[in-house]
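Welcome, and thanks for taking a look at this one with us. Please have the sequence and the structure open side by side as you read the notes below.

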Amino acid sequence: MRDSRIMFGFMVIGVFMVIITYIVFFATDNTNKDTMNTMNNSSNLRINETNEYEFYIFGERTCPHCSHLKTTLMKKYGDENVKFYDLLGNEKYLNAFSFVAQITKSTGVPQVGIFVNGSLRIVFVGDFTEIGDSDQILSNLLQKLNEVEKERQHRVIFIVSDKVYGLENEELIKKLENAFLSPESFKWFFILYIF
């Protein structure tokens, strides 16, 4: 009799925890949607609305590849088109980076979100400027993106360790854009994005 009461108590606690988790999730999810809507309606959150390329980099100031990528892109495309998020000692940036890293399946840095004409098109893991001329590489990446788009309807591609992956889930793409554009206010639940 006593064991059945204990089991019933654990079941009640379990159900209560599930309900609380869903309530917190929906509250956070609505907040993220509001943040994304605000972001889409506000031009001051973007680096520069008029330029073709914008680069948002998650990296570490002590990482030579991160520093090289940042410096090369700033020289080539201007300081105003490159945003560098230093992960060392910044919990908010780490939170957004953790989400991006879960999607790319890589915890390596740098990870750069490349926005073309205002929308996220490419997430590249590594320093693509070490391979060669960044204009030529971006042109090749965009050509690859166009091929993948026609073939599979993917809107964003990931390049990780010489492999190309596509993403078509609009909700996930919006969250990725939010992670790159506004990492200081980005929120997510790890358990919900395992796939």
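Which residue in β3 is the bridge partner of Tyr 56? The answer is Gly 113. Before going further, please keep in mind that this is a predicted model.

**Strand β1 and its neighbours**

- β1 and β3 (residues 111-116) run antiparallel to each other and pair over six bridges.
- With β2, β1 pairs in the parallel sense, over five bridges.
- In that pairing, Phe 84 of β2 is the residue opposite Ile 57.
- Together with α2, the strands β1 and β2 make up a β-α-β unit, and this unit is right-handed.

**How β1 is covered**

- Seven of the seven residues of β1 are buried.
- Side chains in a regular strand alternate between the two faces of the sheet.

**Salt bridges**

- Oppositely charged side chains can pair when their charged atoms come close.
- The count here is two salt bridges.
- One of them joins Asp 86 to Arg 61, with 2.2 Å between the closest N and O atoms. This pair links distant parts of the chain, 25 residues apart: Asp 86 belongs to strand β2 (residues 82-86), while Arg 61 sits in the loop between β1 (53-59) and α2 (64-77).
- Is Asp 86 buried or exposed? Asp 86 counts as buried because its relative accessibility is 16%, under the 20% cut-off. Arg 61, at 53% relative accessibility, counts as exposed.
- Glu 177 forms a salt bridge with Lys 174, and here the closest N and O atoms are 3.9 Å apart. Both residues lie in helix α5 (residues 170-181), three residues apart, which is about one turn of the helix.
- Glu 177 has a relative accessibility of 5%, so Glu 177 counts as buried. Lys 174 reaches 29% and therefore counts as partly exposed.

**Ser 98 in helix α3**

- Where does Ser 98 lie? Look for Ser 98 in helix α3, which spans residues 91-104.
- Ser 98 has 35% relative accessibility, so Ser 98 counts as partly exposed.
- Although Ser 98 and Ala 179 are 81 residues apart along the chain, their C-alpha atoms are separated by 9.6 Å.

Note on methods
Residues are numbered from 1 along each chain as its sequence is written. This is a predicted model: local features need pLDDT of at least 70, side-chain atom pairs count only at pLDDT 80 or more; totals for chains, interfaces and linings use all residues. Side-chain values use heavy atoms; hydrogens and water are left out. Helices (H or I, at least four residues) and strands (E, at least two) are DSSP runs, numbered from the N terminus. Buried means under 20% relative accessible area, exposed over 50%, partly exposed in between (1.4 Å probe, protein chains only). A salt bridge is a side-chain nitrogen of Lys or Arg within 4 Å of a carboxyl oxygen of Asp or Glu. Two strands pair if DSSP finds at least two bridges between them. A crossover is right-handed if, with the strands pointing away from the viewer, the path from the first strand over the helix to the second runs clockwise.
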